[in-house]
Amino acid sequence: KNYYSRNATSTIMAEVLVAAGVAAAAVAVGGYFVKRRNKKIKESKVFGKPLTDFQLKKLEPNTGIPTPVEHIIRTIEERGISNPDLFVFQGHEARIKEIATKINKDQTTLKNYLTNEPINIIGGLLIYFFRELPTSVFPSENFPEIFELENSHLGQEDWIKNTRQILGKIPIRNHCLIQRLMRLLFILRSEADQEVQARRSSEVFSPNLFFSDSLQMAEMLYQNSAQIQSFVTKLILHSPPLFQGS
């Protein structure tokens, strides 16, 4: 199965592309992108738009996330809960990008796509939103303490306590988006084998939640990829107690 995640290329290739000044390049180091900011990013209405640029009236009042993203998530909750191929879309990457481009030009087209497109395309749009953010939802200054947390092998109660402290340091819009995504992925987990499904979701989303425009930081992400996937898996599985009262 082909998940819409960040495909690996060599560090050398990444260095060549960055040195060449490739505009808006998203180059992978061990599966995690070195991402360069797109100069036209402010023209984007949804995909590629910084979270801080969404006006308050464009945020969903109940969840605090951009309204178009909330609509995508609700569609997945309504149509894709039991679909095993929700985040599997081999050969449809161009279609997902095409739809995202059209929505950026005219946001009113979103409703039509959510109604008529196959659910795996809708799942692809959600991943594409995270993938196209100019900066990582988890800020790079929080990377070291997340890696340290996963290397500490704490019990569940202490892990939840420490993770809540880390999440409390994250900007509120990022926090709201992480919370909403984890709530969705918690619902999507299989009742038969919850941990396996949570790991699969983590494999899909982790590279799109942790990335950097620094080659050095991207190399650190690669070296700690197991810790990142473990962290996101636990975020999914322990979502209710982690975000209780948020």
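The following legends describe close-up views of a predicted model.

Local features require pLDDT of at least 70 and side-chain atom pairs pLDDT 80 or more, whereas totals for chains, interfaces and linings use all residues. Residues are numbered from 1 along each chain as its sequence is written, and side-chain values use heavy atoms, with hydrogens and water left out.

**View A. Crossing of helices H8 and H11.** Helix H8 (residues 172-188) and helix H11 (residues 225-237) have axes that come within 8 Å and cross at roughly 75°. Helices are DSSP runs (H or I, at least four residues) numbered from the N terminus; axes are lines fitted to C-alpha atoms over the stretch in contact, with angles from 0 to 180 degrees between N-to-C directions. H8 and H11 are therefore roughly perpendicular (65 to 115 degrees; under 35 is roughly parallel, over 145 roughly antiparallel and the rest oblique). Met182, Leu185 and Phe186 of H8 make the contact with Val232, Leu235, Ile236 and Leu237 of H11, contact meaning heavy atoms within 4.5 Å. By class, the contact of H8 with H11 has seven nonpolar, no polar and no charged residues (nonpolar: Ala, Val, Leu, Ile, Met, Phe, Trp, Tyr, Cys and Pro; charged: Asp, Glu, Lys and Arg; polar: the others, Gly among them).

**View B. Packing of helices H5 and H9.** The axes of helix H5 (residues 119-132) and helix H9 (residues 194-209) are 8 Å apart, at an angle of about 30°; the two helices are therefore roughly parallel. Leu126, Ile127, Phe130 and Arg131 in H5 meet Val204, Phe205, Asn208 and Leu209 in H9. By class, the contact of H5 with H9 has six nonpolar, one polar and one charged residues.

**View C. Aromatic pairs.** Phe130 and Phe205 form an edge-to-face pair, 6.1 Å centre to centre with 90° between the planes (ring centres of Phe, Tyr and Trp, its six-membered ring, within 6.5 Å; planes under 30 degrees apart are stacked, over 60 edge-to-face and the rest tilted). Phe130 lies in H5 and Phe205 in H9, so the pair ties together parts 75 residues apart in sequence. Phe130 and Phe205 are buried (under 20% relative accessible area; exposed is over 50%, partly exposed in between, with a 1.4 Å probe and protein chains only).

**View D. Surroundings of Asn104.** Asn104 lies in helix H3 (residues 93-105) and, at 15% relative accessibility, counts as buried. The side chain of Asn104 reaches the backbone nitrogen of Phe47 at 2.9 Å, and a polar atom of that side chain lies 2.9 Å from the backbone nitrogen of Val46.

Methods
Polar contact = N/O pair within 3.5 Å; in protein donor to acceptor, adjacent residues only side chain to side chain.
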